[in-house]
Amino acid sequence: MTDLEAVEILTLDEQMQKELPNLKEVYEVAVRALKKQIPTRPTPYEKYEGKCVCGAVFLDRSTKYCGNCGQALDWSG
Ligand SMILES: [Zn+2]
């Protein structure tokens, strides 16, 4: 299920949502998308400044969002 499909279902009225068999999957997609907006600290990785949860590496700390998966990044501390 794509993010767009999840949004389309989440904007249906509540009664229509209750009739859908895959509502749990819709919520999982929505939570995954929301988590990308919560800044996450990249992990140290070899010669790079950090590595994203998706595996992408960053050469400097000016990157606010991962260009690969969209994860918001927290470079504080
Ligand atoms: Zn990423």
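Predicted model: local features only at pLDDT ≥ 70, side-chain atom pairs only at ≥ 80, totals over all residues.
Visitor: What domains does the domain assignment give, and what distance separates their centres?

Guide: The assignment gives domain 1, covering 3–35, and domain 2, covering 39–77. Taken over C-alpha atoms, the centres of domain 1 and domain 2 are separated by 29 Å.

Visitor: How do I read the overall extent of the chain, and what is its radius of gyration beside that of a compact globule?

Guide: The protein chain has a radius of gyration of 16 Å, whereas a compact globule of 77 residues would have one near 11 Å. Along its principal axes, the C-alpha trace spans about 50 × 20 × 15 Å. Of the 77 residues in the protein chain, buried residues make up 9%. As for contacts between residues at least 6 apart in sequence, 30% of them join residues at least 24 apart.

Visitor: How should I describe two helices that pack together?

Guide: Two packed helices are described by the angle between their axes and by the distance between the axes. Here the case to look at is helix α1, residues 3–10, with helix α3, residues 23–35: their axes come within 9 Å and cross at roughly 115 degrees. The crossing of α1 and α3 is left-handed.

Visitor: Which residues meet where α1 and α3 come together?

Guide: On the α1 side they are Asp3, Ala6, Ile9 and Leu10, and these meet Val26, Val29, Ala30 and Ala33 in α3.

Visitor: Turning to the strands, in what order do they form the sheet, and which are the edge strands?

Guide: The three strands form an open sheet in the order β1-β2-β3, with antiparallel pairing. The edge strands, each of which pairs on one side only, are β1 (43–45) and β3 (57–58). As a general idea, the side chains in a regular strand alternate between the two faces of the sheet.

Visitor: How many bridges join the strands, and which residues stand opposite one another?

Guide: β1 and β2 pair in the antiparallel sense over two bridges, and in this pairing Thr43 stands opposite Lys51 in β2. Strand β2, residues 48–51, also pairs with β3 in the antiparallel sense over two bridges, where Gly50 stands opposite Phe58 in β3.

Visitor: What should I look for in the hairpins, and which residues there take a positive phi?

Guide: Look at the residues between the strands. The hairpin of β1 and β2 has two residues between the strands, and Glu46 takes a positive phi near 40 degrees there, although Glu46 is not a glycine. In the hairpin of β2 and β3, which has five residues between the strands, Gly55 takes a positive phi near 105 degrees.

Visitor: Why does Arg41 count as exposed?

Guide: Arg41, in the loop between α3 and β1, counts as exposed because it has 12 C-beta neighbours inside 10 Å, and a residue with 12 or fewer falls in that class. The C-alpha atoms of Arg41 and Ser62, 21 residues apart along the chain, are separated by 13 Å.

Visitor: How is Phe58 classed, and which residues does Phe58 touch?

Guide: Phe58 lies in strand β3 and counts as partly exposed, with 18 C-beta neighbours inside 10 Å. Leaving aside residues up to four places away in sequence, Phe58 touches Pro42, Tyr48, Glu49, Gly50 and Thr63. From Leu20, 38 residues apart along the chain, Phe58 is separated by 41 Å between C-alpha atoms.

Key
Residues numbered from 1 in each chain as written. Domains from an automatic or database assignment. Pairing = 2+ DSSP bridges. Helix = DSSP H or I, 4+ residues; strand = E, 2+ residues; numbered from the N terminus. Rg over C-alpha atoms; globule rule 2.2 N^0.38 Å. Buried ≥ 20, exposed ≤ 12 C-beta atoms within 10 Å, placed from the backbone. Contact = placed C-beta atoms within 7 Å. Axes fitted to C-alpha atoms, helices over the stretch in contact; angles between N-to-C directions. Left-handed = near helix turned anticlockwise from the far one by under 90°.
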